[in-house]
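Colleague: I'd like a close look at one part of this model. Could you walk me through how the helices there pack, and then what goes on around them?

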Amino acid sequence: MTSPQPAETRTQGRSTQSATLAEIARAAGVSAPTVSKVLNGRADVAPATRSRVEELLRAHGYRRRRAEATRSPLIDLVFHELESAWAMEVIRGVENVARDAGLSVVLSESAGRLTPGRSWADQVAARRPHGVVLVLSGLDESQRALLTSRSIPFVVMDPAGDPGADVPSIGATNWQGGLAATRHLIELGHRRIGAISGPSRMMCSRARVDGYRAALETAGLPVDPQLITAGDFHHEAGYRQGLTLLRRPDRPTAVFAGNDLQALGLYEAARELGLRIPEDLSVVGFDDLPVARWVGPPLTTVRQPLTEMAEAAARLVLDLGRDDGSAAATRVELATSLVVRSSTAPPATARAENPAEADG
């Protein structure tokens, strides 16, 4: 007679211990069907009971065996905010990979929070997707344990903070992009260069400003804290912070706007103040959204390969869910590149000193 296979497994070092649903149920003081409901994300379990069972699963490192984990033909895509052309580029990339794999995409938004709510984690457990891609978001310890115990792989794209060495993530060379943007302005002759950063809590935002600082310092130029303002990666922040910078008596002759949406807000602020781009003000964005090519003048920006990043994240999460033992990198960074268009030019003083160059 063949003994029943364990429902869950736990690995410690080189040894593997096994336990049945019944054993977990006895430890939690509940029935085996109740443990099964918790594992499947069912809503009809009392919160205290759910917490007790989840704590036992976390404490013992239990994980549903992949062969037994019936998956839905889905990829969960989670944004902390879902309201811009930036998000559309990411959706396009994940959809490309999902379509080729015969899967659909479920969109979620965490309403600006960098960690989704507990109800989201329960819903994902109930859906049992092939994997989860989180954009500018992360998971707390209990959410990670919940997905891990269900063998639901997850990948963070463009993580807001340090995701941890054991969390697979896809990012871009943000520091290098900030460096390239600022160096371009310096090479044009600008010496007073402002910056509108994104939220300080986001790692990509800090990296871009660090690249801006590094370019100035390498060129022997002072980093003026008065020329660095904090935005939130939205158009309105570019407009507000743009007015603040451009109303200064010693206003900058160029601004690194941190992303394309803030650059568009800066365009609006410059128009309101009667400043011409690039004659009176040079502007560099970051992302290279489709709109960057069509605004007037077309925007010089740092191309962040958003669609390719999203495709890489989706492929990675599917690789993690396979049982073929294939290795997957835990941290991948795709290269950024400067795209020079018509929103940058030498400052007016440099053109006045070299009229032949200005005429050319």
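Modeller: Helices α9 and α10 lie oblique to each other. This is a predicted model, so keep that in mind throughout. The α9 helix covers residues 235–246 and α10 covers residues 260–272; their axes cross at roughly 45° and come within 6 Å. The crossing of α9 past α10 is right-handed.

On the α9 side, the residues making the contact are His235, Ala237, Gly238, Tyr239, Gly242, Leu243 and Leu246. They meet a set in α10 that includes Leu261, Leu264, Gly265, Glu268 and Ala269. Sorted by class, the contact between α9 and α10 has 9 nonpolar, 5 polar and 2 charged residues.

Now stay with α10 and look at Asp260, which is part of that helix. Asp260 counts as buried because its relative accessibility is 0%. Its side chain has a couple of polar partners to look at. The side chain of Asp260 reaches the backbone nitrogen of Leu289 at 2.7 Å, and a polar contact of 2.6 Å joins the side chains of Asp260 and Thr301. In sequence, Asp260 and Leu289 are 29 residues apart, yet their C-alpha atoms are 6.9 Å apart in space. Leaving out residues up to four places away in sequence, Asp260 also touches several others, among them Gly285, Phe286, Asp287, Asp288 and Ala292.

Asp288 sits in the loop between β12 and β13, and its phi is positive, about 60°, although it is not a glycine. With 14% relative accessibility, Asp288 counts as buried. The loop between β12 and β13 also holds Pro297, which is joined to Gly296 by a cis peptide bond with omega about -10°.

There is another cis peptide bond to check, between Ile277 and Pro278, where omega is about 10°. Pro278 is in the loop between α10 and β12.

Going back to α9, Phe233 is in the loop between β10 and that helix. Phe233 has a phi near 70°, a positive value in a residue other than glycine. Phe233 counts as buried too, at 13% relative accessibility.

One last stop is Thr182 in helix α7, which runs over residues 174–187. Thr182 is buried, with a relative accessible area of 0%. The side chain of Thr182 reaches the backbone oxygen of Gly178 at 2.9 Å. Setting aside neighbours within four places in sequence, Thr182 is in contact with Ile193, Tyr212, Ala215, Leu216 and Phe256.

How values were computed:
Residues numbered from 1 in each chain as written. Predicted model: local features only at pLDDT ≥ 70, side-chain atom pairs only at ≥ 80, totals over all residues. Heavy atoms only, no water. Axes fitted to C-alpha atoms, helices over the stretch in contact; angles between N-to-C directions. Helix = DSSP H or I, 4+ residues; strand = E, 2+ residues; numbered from the N terminus. Parallel < 35°, antiparallel > 145°, perpendicular 65-115°, else oblique. Left-handed = near helix turned anticlockwise from the far one by under 90°. Contact = heavy atoms within 4.5 Å. Nonpolar A, V, L, I, M, F, W, Y, C, P; charged D, E, K, R; others polar. Buried < 20%, exposed > 50% of the residue type's maximum accessible area, 1.4 Å probe, protein only. Polar contact = N/O pair within 3.5 Å; in protein donor to acceptor, adjacent residues only side chain to side chain.
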